[in-house]
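Morning, everyone. One structure today, and I'll keep it short. Please have a look at it first.

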Amino acid sequence: MTHPKAQANPLMASHFLQGRRHLLAGSASAVAAAALGTWTRPAAAQVKPLPAYVSWKDANSLIVHSSSTLETRRSAFGTSLITPAEQLYIRNNLPPPDASIVADRDAWELSVEGVRNPRRFALRELKSMGLETVAMVLQCSGNGRGFFPGKPSGTPWTVGAAGCVFWSGVPVRAVIEDRGGLAAGIRHMTGTGGERLPEGLDPKSLIVERSVPIEAMTDALLAWEMNGVPISLAHGGPLRLIVPGYTGVNNIKYIRRLAFTTAETDARIMSHGYRISPPGTQGDPAQPSVQEMSVKSWINAPSPDSAAPTAGMVQIHGVAFGGLSAVRRVEVSVDGGKTWRESRFVGPDLGKYAWRQFVFAARLPAGSHRLASRATDMAGNVQPEHRLENVSGYNNTSWADHAVTVTVS
């Protein structure tokens with residue numbers, strides 16, 4: 001794979017608030033209202049030009065919702081486990097920092113706090129402290145939002161705000177050990193992004209800063225490579241916090257500060273944003289936070305945006321993952337969920353945080369067929385039939401929503 005060249009940041013300051021309606025209040029909301037447009041679902045075959053900062057990506061594999069939200073087409077996932085960088089989705093809460101930060105990657109600095117001996121590290125120092133690689137599903141919290149009939153505010157993702165990639169970097173636990181261990185009373189790991197914030201607004205209303213339970217640090221990485229090359233600016237380079245099993249927003253791009261804290265951050269993206277808010281309510285700290293992913297699967301082919309199959313034997317294939325628990329099995333239905341048959345896994349098992357490719361061979365006669373998949377993880381959790389209704393359209397794992405209707409000729 002050719003490593004993408006860094007591109008100059010093309011986004012204007014007015015776009016800082018794009019996609020953040022649910023995070024802002026008061027005067028900040030007024031600014032956001034001016035900056036945001038209305039998203040519409042593009043036609044399946046439509047190919048829009050890519051924004052300049054991701055011009056190196058494959059336009060034919062992506063749906064461009066906005067300059068900061070690009071979705072992988074269902075038909076582009078193919079039958080391989082790893083998602084190439086050129087096809088991986090984009091979701092930015094804020095525009096990336098200036099491209100100059102990846103000109104001298106090793107000079108990027110990270111502040112480590114909440115340990116017995118806090119200090120700042122240059123990336124070149126972190127590279128000397130350890131190395132691990134993890135295959136992990138990266139998925140936007142709103143993946144599947146496009147299936148909600150109430151049309152929640154935000155990008156109408158279907159299945160393409162996800163991908164399975166390799167991350168390489170130093171284990172967070174190695175950094176903690178180097179600093180003499182955690183300080184007393186620590187309950188959370190808090191990451192802060194290095195995006196430049198616009199002036200005149202409360203930084204806490206905009207900053208990308210998220211807290212996860214301290215247990216998440218066990219497999220977390222401070223990563224500088226994705227799929228074997230330095231992480232591109234678009235995906236959080238030169239340094240990104242990787243928290244396997246957790247939704248994308250918790251995997252902090254351009255991480256500047258890693259703090260081990262006694263309480264969650266009070267940044268609005270944590271306190272009110274990315275909360276599972278019941279219909280008719282607004283985000284509130286008392287509501288569940290969008291953090292761990294749960295068991296999910298979907299069929300990639302055949303699908304409405306791929307070539308129509310002909311009558312006879314059809315290979316039905318897709319992907320399944322379990323968040324914090326590995327996938328145990330995937331069942332497939334060719335009659336809309338009335339009956340189920342177990343599929344088989346294909347390809348290597350890359351670990352509990354990666355997705356598994358599954359395939360089911362079925363003899364389909366001419367006509368219309370509703371194809372669905374249903375995954376079960378090692379803990380016994382079964383992918384549900386119905387979505388959990390919530391204001392922002394988060395965490396949609398419904399097998400019924402992700403089913404596809406195909407016409408066999």
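Start with Leu70: its bridge partner in β3 is Ile90. This is a predicted model, by the way.

Now widen the view. Which order do the strands of this open sheet have? The order is β1-β2-β3, three strands, with antiparallel pairing. The edges are β1, residues 62-66, and β3, residues 90-91. Each edge strand pairs on one side only. As a reminder, the pairing of strands in a sheet runs through backbone hydrogen bonds, parallel or antiparallel.

Next stop, Arg196. Where does Arg196 sit? Look in the loop between β8, residues 188-193, and β9, residues 209-213. Is Arg196 buried or exposed? Exposed, because its relative accessible area is 66%, and the cut-off for exposed is over 50%. Now find Leu94. Along the chain, Arg196 and Leu94 are 102 residues apart.

Take the contacts with a separation of 6 or more: 72% of them join residues 24 or more positions apart. The secondary structure count is five helices and 21 strands. The protein chain has 409 residues, and 58% of them are buried. The accessible surface comes to about 16200 Å². Carbon and sulfur atoms hold 52% of that surface.

That's my tour. Over to you.

Terms used: Residues numbered from 1 in each chain as written. Predicted model: local features only at pLDDT ≥ 70, side-chain atom pairs only at ≥ 80, totals over all residues. Heavy atoms only, no water. Helix = DSSP H or I, 4+ residues; strand = E, 2+ residues; numbered from the N terminus. Buried < 20%, exposed > 50% of the residue type's maximum accessible area, 1.4 Å probe, protein only. Contact = heavy atoms within 4.5 Å. Areas by Shrake-Rupley, 256 points an atom, 1.4 Å probe, with all protein chains shown as cover. Pairing = 2+ DSSP bridges.
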